[in-house]
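Q: I'm new to this structure and would like to learn how to read it. Could you take me through it feature by feature?

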Amino acid sequence: MKNKTALRGTLKILLPYLSAYRGRLAVVGSLVIAVVLIDLVQPYLVKEAIDKYVTVPTPNTTAIIRMALAYFALILAGCAMTYYQEIMLQQVGLSIVRKIRIDLFNHIQRLALRYFDQNSSGRIITNVVSDTEALNNFFTQFLANIVRGSFSLVLIMFFMLRLNVTIALYCFLLIPLVAGITVIFQKRLRKVNAEVRNRLGIAIGFLAENLRGMAIIQIFHQEAKQQQRYNERNKALMRATIIENRYILSFFNVTEILGDLGIATLLWFGGGAVIKGTVSFGVLYAFVGYIRRFFHPISTISQQMNALQSAIVAVERISVTLQETPDIKEAQGAAAPEVIGKIELAGASLAYRPGYPVLHDISLTIQPGQRIGFVGATGAGKSSIMNLVTRFYDVTEGAVIIDGVDVRQWPLEDLRRSVGIVQQDVTLFSGTITDNIRFFQPEISAERVREACRIIGAEPFILRQSKGYDTVLSERGSTLSAGERQLLSFARVLVFDPRILILDEATACLDSNTEEVLQEAIHRVSQGRTLLVIAHRLSTIQQMDLICVLEQGRIVERGTHGDLLRRQGNYWRLHQSGLMQLHEAA
């Protein structure tokens, strides 16, 4: 029942993609049927030649030559049709896999951050790359073989019954045995294949994690330890793959043995019938040919069982991803108000996991153009407030209102365009500096990019690069310093001209000189914008219009820098502890 359900689920996912290529698939199916007919006519042709022109008192050499030429012509026709059928099937399979990969990538991009917090990058990469490749093998290998094999079995049984009903029925006694063995192996192989794909995802995830953190690994001299851990994961993958291959080979060998047993039985009974004269030698020869062909599709399908099981497991995993519904849903008929930058947190609470709130009843009103600083110990909830304003997460209770409209009633595209965020961890992509700043949107002019860089103060270091703005950055911009990467991220946000600007520890990686340049830039670009700043440096927040101190998900103090110091409360203690003294202004 479980296998039938899995197969139905597989077809349910694949049918919409298959329907787009039903014309080509019909041609492929016709070619498969033609090839099978050509193949199955060959033993019958030899049987006719033997009985009519060879084992007769007066052999007919001319007729035998004609039969041989016809046999050769059938072989050539079958080869040509098989080649064309394989080419078309490859094209269809690759086109479908390409479409599935695009749909997967688009769907994943729409998922909320919670999905990426709960799923490793290795699992997601395996889903998009490896699982879809398993589907390619399904289309290009298994699909043709299952159609060809099923049609072959039906026609073989027809030809065998036509030749001799008694011998055919004896041969058919092996069918229940083969079917039972197939079912047993399929159940076990499906579990093993799922384990292989799980182990593959773990190995890929570990590799991706280590590539991202290679500098840390080398600094702490952990190369040998990480290699050992990688070896352990690969050994687990190897062991699972070996077990899988053992099942496949065992099934293949069992079907081969049954085929040989069928031929031996046929020779025993059929040979006696030939000696008695009740069956002609040509019929016996044709039966031997059909018996071999009878087990050939079963053997072929057994070899492709890995492709079938891999496809079922892959489709299940892809289906799980496609069925993931974004936590952040856009309301029907959502419309953005006129953006001026007023933010209201009305009793906002947030829990990333049910029962574990990280924000409790936050109430705060931020006027357009106001500059607000948020401080507090690690885990106090500062970044969580920014997650609510950007709507990376939705409130558990209360509401976040921007310009009089609950953010849940905003179109997501308009909201994200109106709120710009610069984080401590800068993400850059492979491409030129210009492309990274305008985020590969050619409608943003190069002059606008340069203007943003001049305002931020990034142009001097950009012009020092080998090709200036056309310098191609490596992945994550590893050839740039942390401060230079941060300046580019500031320029990227400025290019999109958001009315609300969020700086989430954005100056933490900057040296004092770079920060001084950036502070001037922040002062210029924040004019007319609502500015929210998370920082530990006094130089970043002491000029804010309002500073909010968070502790365990609550705002415990609010006021200006001077007011908070005079109160000698939480803010004063953070200041006195030295956590907020870095680069303090004189």
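A: Let's start with burial: a residue is buried under 20% relative accessible area, exposed over 50%, and partly exposed in between (1.4 Å probe, protein chains only). Phenylalanine 429, with a relative accessible area of 32%, is therefore partly exposed. Bear in mind that this is a predicted model, where local features need pLDDT of at least 70, side-chain atom pairs count only at pLDDT 80 or more, and totals for chains, interfaces and linings use all residues. Residues are numbered from 1 along each chain as its sequence is written, and side-chain values use heavy atoms, with hydrogens and water left out.

Q: How do I read an aromatic pair, and how many does a search of the whole structure find?

A: Rings of Phe, Tyr and Trp (its six-membered ring) pair if their centres lie within 6.5 Å; planes under 30 degrees apart are stacked, over 60 edge-to-face, and the rest tilted. Searching the whole structure gives seven aromatic pairs. One of them joins tyrosine 352 and tyrosine 393, edge-to-face, at 4.8 Å centre to centre with 75 degrees between the planes.

Q: Where do tyrosine 352 and tyrosine 393 sit in the chain?

A: First, the naming: helices (H or I, at least four residues) and strands (E, at least two) are DSSP runs, numbered from the N terminus. Tyrosine 352 is in strand β1 (residues 343-353), while tyrosine 393 is in the loop between α12 (382-389) and β4 (397-402), so the pair links distant parts of the chain, 41 residues apart. Tyrosine 352 counts as partly exposed because its relative accessibility is 26%, whereas tyrosine 393, at 5%, counts as buried.

Q: What about phenylalanine 429 and phenylalanine 440: what kind of aromatic pair do they form?

A: An edge-to-face one, with phenylalanine 429 and phenylalanine 440 at 6.5 Å centre to centre and 75 degrees between the planes. Phenylalanine 429 lies in the loop between β6 (419-423) and β7 (431-432), and phenylalanine 440 in the loop between α14 (433-437) and α15 (446-456), eleven residues apart. Phenylalanine 440 is partly exposed, at 39% relative accessibility. Ring pairs also bring in Phe439, giving a cluster of Phe429, Phe439 and Phe440.

Q: Which charged residue lies over the face of phenylalanine 439?

A: The idea here is that a charge sits over a ring if NZ of Lys or CZ of Arg is within 6 Å of the ring centre and within 35 degrees of the ring normal. Arginine 492 does this for phenylalanine 439, at 5.4 Å from the ring centre. Arginine 450 also has its charged end over a ring, that of tyrosine 469, 5.1 Å from the centre.

Q: Which residues of α15 are buried?

A: They are Val449, Ala452, Cys453 and Ile456. Looking down the axis of α15, these buried residues fall within an arc of 100 degrees (taken from the directions from the helix axis to the C-beta atoms), so they line one face of the helix. In general, an α-helix has 3.6 residues a turn, so residues three or four places apart point the same way. Just after α15 comes glycine 457, with a positive phi of about 95 degrees.

Q: How do I read a salt bridge, and how many are there?

A: Side chains of opposite charge can pair when their charged atoms come close. The rule used is a side-chain nitrogen of Lys or Arg within 4 Å of a carboxyl oxygen of Asp or Glu, and the count comes to 16 salt bridges. Take arginine 148 and glutamate 86, whose closest N and O atoms are 3.8 Å apart. Arginine 148 is in helix α5 (residues 121-163) and glutamate 86 in helix α3, so this pair ties together parts that are 62 residues apart in sequence. Arginine 148 counts as buried at 19% relative accessibility, and glutamate 86 as partly exposed at 27%.

Q: Which parts of the chain does the bridge between aspartate 545 and arginine 371 link?

A: Those two side chains, aspartate 545 and arginine 371, meet at 3.4 Å, N to O. Aspartate 545 is in the loop between α19 (538-541) and β11 (546-551), and arginine 371 is in strand β3 (residues 371-376), 174 residues apart. Salt bridges can also form a network, as with Glu447, Glu451, Arg454 and Glu459.
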